[in-house]
Amino acid sequence: YPYHDFLHFTEFVRQAAFDPMVKHIRLNIYRVASQSRIISSLVDAVDNGKKVTVVVELRARFDEENNIAWSKRMTDAGIKVVLGNPSIKIHSKLCIVTREERGKIRHYSHFGTGNFNEKTAKIYTDLSLFTCNEEMALEGIQVFDMIQNPYRKYRFNHLQVSPVNARSKIQSLIRQEIQRSTEGCFARITIKINNIVDQELIDDLYRASQAGVKIRAIVRGMCALIPGVKGLSENIEIISIVDRFLEHPRIMVFENDGDRKVYISSADWMTRNMDYRIEVGCPVYSEDAKQMIVDLLELQFQDTLKARV
């Protein structure tokens, strides 16, 4: 978004609401439009006899009043509304539709970097992954369970979930690039992020730079990492792009000796996002989708008009 139409998502939810084979729709809300077609579809889904679970983050900055009003309307309509968690903010962008097909249950999932908001989808650039990968869907459902039962233990193999394993998974991927570099392979990390201020992850990138890993980043906002310092960060280059649209996706690309690993996430590299919020990052397995994301990044790294060092 906004180069693709947000209608892809609103129509996905609308059709799920009327599809007689759909049994359950799960969604988590951080910011929604004041006139939300998505919530209207969820109300229709309940009217059509489907189970609907919506997690609402009441402390979304500037949207607290709006979210309280939506929570009341959804509860009155018969939607199961989960009002987040008092000790941890929920910032993930998840939607999972459960459907019965030929007597078996199948899941259709959305993992995104942006809010389910028709208005901001016109001015924020974001990425949404639609997938019917069953293992990823079941891990996504675990995230919804974790929000409601935060004291249980959960394991995620595919997803990067804060505060459970996002930090450790990212650090493991950085270490893998360091290992590749020490073996004489070409090693590179490419990141696009809103903010990078978490000291632990910054130190990991410094170590990777010192090991010869090439690091490129597009950081729109706060950046506490200092690139280009000899002996510390000489292999790191960082640009920022501020233009017509607000650059909002979080992307990580690890070269992995030619077999690229690509992730999108709701989480910035900030201590609050890694340790004190529920965030979800997911791998992109489709080669076509991976290439599209890499091409987008390469295009932005070639910017000579809006990009600044």
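Trainee: Why are α5 and α6 called roughly parallel to each other?

Mentor: In this predicted model, the axes of α5 (residues 166–182) and α6 (residues 199–210) come within 10 Å and cross at roughly 10°. Angles under 35 degrees count as roughly parallel, and α5 and α6 are therefore roughly parallel to each other.

Trainee: Which residues of α5 meet which residues of α6?

Mentor: From α5, the residues are R167, I170, Q171, I174 and I178, and they meet E200, L201, D204, L205, R207 and A208 of α6. The residues of this contact divide into 6 nonpolar, 1 polar and 4 charged.

Trainee: What makes β11 largely enclosed by the rest of the structure?

Mentor: Buried means under 20% relative accessible area. In β11 (residues 214–219), 5 of the 6 residues are buried, so the strand is largely enclosed by the rest of the structure.

Trainee: How do you know that β11 pairs with β10 and with β12?

Mentor: Two strands pair if there are at least two bridges between them. β10 (residues 188–193) and β11 have 6 bridges in the parallel sense, with I189 opposite I215 in β11. β11 and β12 (residues 236–241) have 4 bridges, also in the parallel sense, and I218 stands opposite I239 in β12.

Trainee: Which elements make a β-α-β unit, and is the unit right-handed or left-handed?

Mentor: The unit is made by β10, α6 and β11, and it is right-handed.

Trainee: What makes β3 and β8 the edges of their sheet?

Mentor: The sheet is open and has 6 strands in the order β3-β2-β1-β5-β6-β8, with mixed pairing. β3 (80–82) and β8 (128–131) each have a single partner strand, so one side of each is left without a neighbour in the sheet. The twist averages 10° from one strand to the next.

Trainee: In which sense do β6 and β8 pair, and over how many bridges?

Mentor: β6 (residues 104–112) and β8 pair in the antiparallel sense over 4 bridges. F111 has L129 in β8 as its bridge partner.

Trainee: Which helices pack on this sheet, and what directions do they take?

Mentor: Helix α3 (residues 64–77) touches β1, β2 and β3, and its direction makes about 160° with that of β2. Helix α4 (residues 134–148) touches β1, β2, β3, β5, β6 and β8, and its direction makes about 75° with that of β6.

Key:
Residues are numbered from 1 along each chain as its sequence is written. This is a predicted model: local features need pLDDT of at least 70, side-chain atom pairs count only at pLDDT 80 or more; totals for chains, interfaces and linings use all residues. Side-chain values use heavy atoms; hydrogens and water are left out. Axes are lines fitted to C-alpha atoms, for helices over the stretch in contact, and angles run from 0 to 180 degrees between N-to-C directions. Helices (H or I, at least four residues) and strands (E, at least two) are DSSP runs, numbered from the N terminus. Angles under 35 degrees count as roughly parallel, over 145 as roughly antiparallel, 65 to 115 as roughly perpendicular and the rest as oblique. Contact means heavy atoms within 4.5 Å. Ala, Val, Leu, Ile, Met, Phe, Trp, Tyr, Cys and Pro count as nonpolar, Asp, Glu, Lys and Arg as charged, and the others, Gly among them, as polar. Buried means under 20% relative accessible area, exposed over 50%, partly exposed in between (1.4 Å probe, protein chains only). A crossover is right-handed if, with the strands pointing away from the viewer, the path from the first strand over the helix to the second runs clockwise.
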